[in-house]
Amino acid sequence: MAVCTYEKIIKYRVAACCTQPLHIGNAMGSKEEVLIHPVDDLPFIQASSIAGVCRDYFAKEYGESAAEKLFGTGEAGCGSRICFTDGIFSGDRPVLELRPRVRIDRRTGSCGSSTIKGTGQQSGHKFQVEYIGAGAEFVCYIYLYEESMAQQTERMLAAVHQGLVQLGGLKSSGCGFLKLQALGKKCLR
C-alpha cells in the first residue's frame, strides 16, 4: 500500500444557502422523506452527495482524466485528492415542507392507479415529498490535497454559486439550487 504525503492542504469552508427547496432522500429507502442525522435528529447533506455532484461537474468541465486525478478512481493507489464533509444546517432547525406529487404511468402517460389487494378498490398514486425549505443555510468543508488543482476547484465552487450545479433529487422540478454565502480558504502546512 502506497502512503501519500502532502506538503500543503487547502481547507475551504463553504457556507451556502438553498435558493430553492432541497430534497435529500432518506437513507432508509424512503424517497419521500429527507435524510435525518441519527444522532442530532436534524436534516443534513451527505458528503458523498456533495462530492458526487461536484465530480460530475468537474468531469464535464475538465474531462474524465482530470476528474479521476482529483476525485480518484476507487482503485488501489488511485485515491482522492479532495475530501468533503457532510453539509450541516446552521442556525435554527431548517423548515421542512411537504409537497404533493403523483406517480405517472410511463406506458400511458397518465396518473397511475392500482387495485388494493383483496378489495377490488382502486387507489391513486398521490404521495407527499418532504423538502428542506428555501432559505436554509448549511456549512461544509472541502480539503484539497493537490495544490495545482486549486484554481479548478474554486471554479467548480463558482459554478455552484452560479446555479450550474444542483444538489439532491427532483432537480427537474427546480430543486437543489444553491448560492454561496461565504467561502473561506486556509492553507495548512
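This is a predicted model: local features need pLDDT of at least 70, side-chain atom pairs count only at pLDDT 80 or more; totals for chains, interfaces and linings use all residues.
Student: Let me start with strand 11. With which strand does strand 11 pair over eight bridges?
Tutor: Strand 11 covers residues 137–144, and its pairing over eight bridges is antiparallel. Within this pairing, Phe138 of strand 11 has Ala16 standing opposite. The partner, made of residues 9–18, is strand 1.

Student: Which residue stands opposite Tyr143 in strand 11?
Tutor: Strand 11 also pairs in the antiparallel sense with strand 3, residues 82–84, over three bridges. The residue that stands opposite Tyr143 is Cys83.

Student: And over how many bridges do strand 4 and strand 11 pair?
Tutor: Strand 4 is made of residues 87–89, and the pairing with strand 11 is antiparallel. Phe89 stands opposite Phe138 in strand 11. The number of bridges between strand 4 and strand 11 is two.

Student: Let's turn to helix 1. How far apart are its end C-alpha atoms?
Tutor: Helix 1 runs over residues 47–62, which makes 16 residues. At 1.5 Å a residue, a helix of this length should span 22 Å. The model agrees with that expectation, because the end C-alpha atoms are apart by 22 Å.

Student: Where do the buried residues of helix 2 sit around its axis?
Tutor: The buried residues of helix 2 are Ala66, Ala67, Leu70 and Phe71. They cover an arc of only 110 degrees around the axis, so they lie on the same side of helix 2.

Student: Against which elements do those buried residues of helix 2 pack?
Tutor: Two strands take part, strand 3 and strand 11. The helices in the list are helix 1 and helix 3.

Student: What is phi near at the residue that follows helix 2?
Tutor: Helix 2 is followed by Gly72. The phi of Gly72 is positive, near 85 degrees.

Student: Now the aromatic rings. What kind of pair do Phe58 and Tyr62 form?
Tutor: The structure holds four aromatic pairs. In the one made by Phe58 and Tyr62, the ring centres are 4.8 Å apart and the planes are at 45 degrees, so the pair is tilted.

Student: Phe58 and Tyr62 both lie in helix 1, so how are they separated?
Tutor: They are four residues apart in the helix. Phe58 is buried because its relative accessibility is 0%, whereas Tyr62 is partly exposed, at 22%. Their separation along helix 1 is about one helical turn.

Student: What kind of pair do Phe89 and Phe138 make?
Tutor: Phe89 is buried at 8% relative accessibility, and Phe138 is buried at 3%. Their ring centres are 5.7 Å apart and their planes are at 65 degrees, so the pair is edge-to-face.

Student: How many residues apart in sequence are the parts this pair ties together?
Tutor: Phe89 lies in strand 4, while Phe138 lies in strand 11. The pair therefore ties together parts whose distance in sequence is 49 residues.

Student: Is Thr153 buried or exposed?
Tutor: Thr153 lies in helix 3, residues 150–161. Its contacts include Tyr12, Phe58 and Leu70, and a polar atom of its side chain lies 2.8 Å from the backbone oxygen of Met149. Because its relative accessibility is 0%, Thr153 counts as buried.

Student: Last one: which side chain does Lys8 join in a polar contact of 2.7 Å?
Tutor: Lys8 is found in the segment before strand 1 and counts as buried, at 14% relative accessibility. Among the residues it touches are Leu144, Tyr145 and Cys187. The polar contact joins the side chain of Lys8 to that of Glu147.

Methods: Residues are numbered from 1 along each chain as its sequence is written. Side-chain values use heavy atoms; hydrogens and water are left out. Buried means under 20% relative accessible area, exposed over 50%, partly exposed in between (1.4 Å probe, protein chains only). A polar contact is a pair of N or O atoms within 3.5 Å; within protein, one must be able to donate a hydrogen and the other to accept it, and residues adjacent in sequence count only if both atoms are side-chain atoms. Contact means heavy atoms within 4.5 Å. Two strands pair if DSSP finds at least two bridges between them. The expected span of a helix is 1.5 Å times one less than its number of residues. The arc is that of the directions from the helix axis to the C-beta atoms. Rings of Phe, Tyr and Trp (its six-membered ring) pair if their centres lie within 6.5 Å; planes under 30 degrees apart count as stacked, over 60 as edge-to-face and the rest as tilted. Lists of a residue's contacts leave out its neighbours within four places in sequence.
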